Amino acid sequence: MTIDHLFICSSQQGQEAEQFVQLGWQDGSSRIHPGQGTVNRKFYFENGFLELLWIDDLEELQNGPAATIGLQERFHWQTEEVSRFGLCLAPSPELDLLFAKANTYRPDYFSPGKIINYFHFPKLPWVFKLPFPPKFNPQEPLQDALGIQELTKVIFEIPDLNGSEPLLRHLNQQKSLVFRDGSTTALIMEFDDQRQDQEQNFPDLDLRIRY
């Protein structure tokens, strides 16, 4: 199983990421999502990227193709029991069975016939699978200011976690993924097996980065 990228819903139009810039990180390409009503800000590393996602057109989000996929609910994480995070997986044969009964979403910004398979369990990240393998663009800047290279583990902390959900049981069997009970909802990204024994905390994003 390969993680393509992670996203965090932003309430400040991505300005929370200025904390990354202060550490020397560089913005990658950004994208408006036609029909979805969102726009992003991305930060790349060697085997994926972190995406900040925010609402650009609320009417489009509420009435377009993404209206029923559970995405807009993610932007109410401050007042509802819902995760602001997303976990994107690259396609692989082992995921075919897991996603066989998943929901489908056809974004306007994908080429015809391409769909996203997803699961929407409010307290869990919005888990989805792309229809194509990860695409590496050598022009995207990598985040070497902290000496990080590869994302090696992702930990989601979720209050009152119910580990019986089949999706969760499957994901928790992966070496690079951990879902565990926590006092608050949080995302922890570990790079390079945390060989530098360092940690940065970004409370505005409910994010901790270890390297």
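I'll start with a cluster: Phe7, Tyr118, Trp126 and Phe128 are linked by ring pairs. Rings of Phe, Tyr and Trp (its six-membered ring) pair if their centres lie within 6.5 Å; planes under 30 degrees apart count as stacked, over 60 as edge-to-face and the rest as tilted.

Some housekeeping. This is a predicted model, where local features need pLDDT of at least 70 and side-chain atom pairs count only at pLDDT 80 or more, while totals for chains, interfaces and linings use all residues. Residues are numbered from 1 along each chain as its sequence is written, and side-chain values use heavy atoms, with hydrogens and water left out.

Back to the rings. There are 16 aromatic pairs in the structure. Tyr118 and Trp126 have ring centres 5.0 Å apart and planes at 20 degrees, so this pair is stacked. Both Tyr118 and Trp126 are buried; buried means under 20% relative accessible area, exposed over 50%, partly exposed in between, with a 1.4 Å probe and protein chains only. Phe119 and Phe121 also form a stacked pair, at 6.2 Å centre to centre and 15 degrees between the planes. Phe119 is buried at 12% relative accessible area, whereas Phe121, at 30%, counts as partly exposed.

The charged end of Lys129 is over the ring of Phe99, 5.8 Å from its centre. For Lys135 the ring is that of Phe132, and the distance to the centre is 4.5 Å.

Next, the cores. A nonpolar core is a set of buried Ala, Val, Leu, Ile, Met, Phe, Trp, Tyr and Cys residues joined through side-chain atoms within 4.5 Å. The largest has 39 residues, and Leu6, Phe20 and Phe156 are among those with the most contacts inside it. Strand β9, residues 151–158, supplies the largest share of this core, 4 residues. A second, separate core of 20 residues includes Trp126 and Phe132.

Finally, the sheet. Strands here are DSSP runs of E, at least two residues, numbered from the N terminus; two strands pair if DSSP finds at least two bridges between them. An open sheet of 5 strands has the order β10-β9-β11-β13-β12, with mixed pairing. Its edge strands, β10 (177–181) and β12 (199–202), each pair on one side only. β9 and β10 run parallel and are joined by 5 bridges.

Key. Lys NZ or Arg CZ within 6 Å of the ring centre and 35° of its normal.
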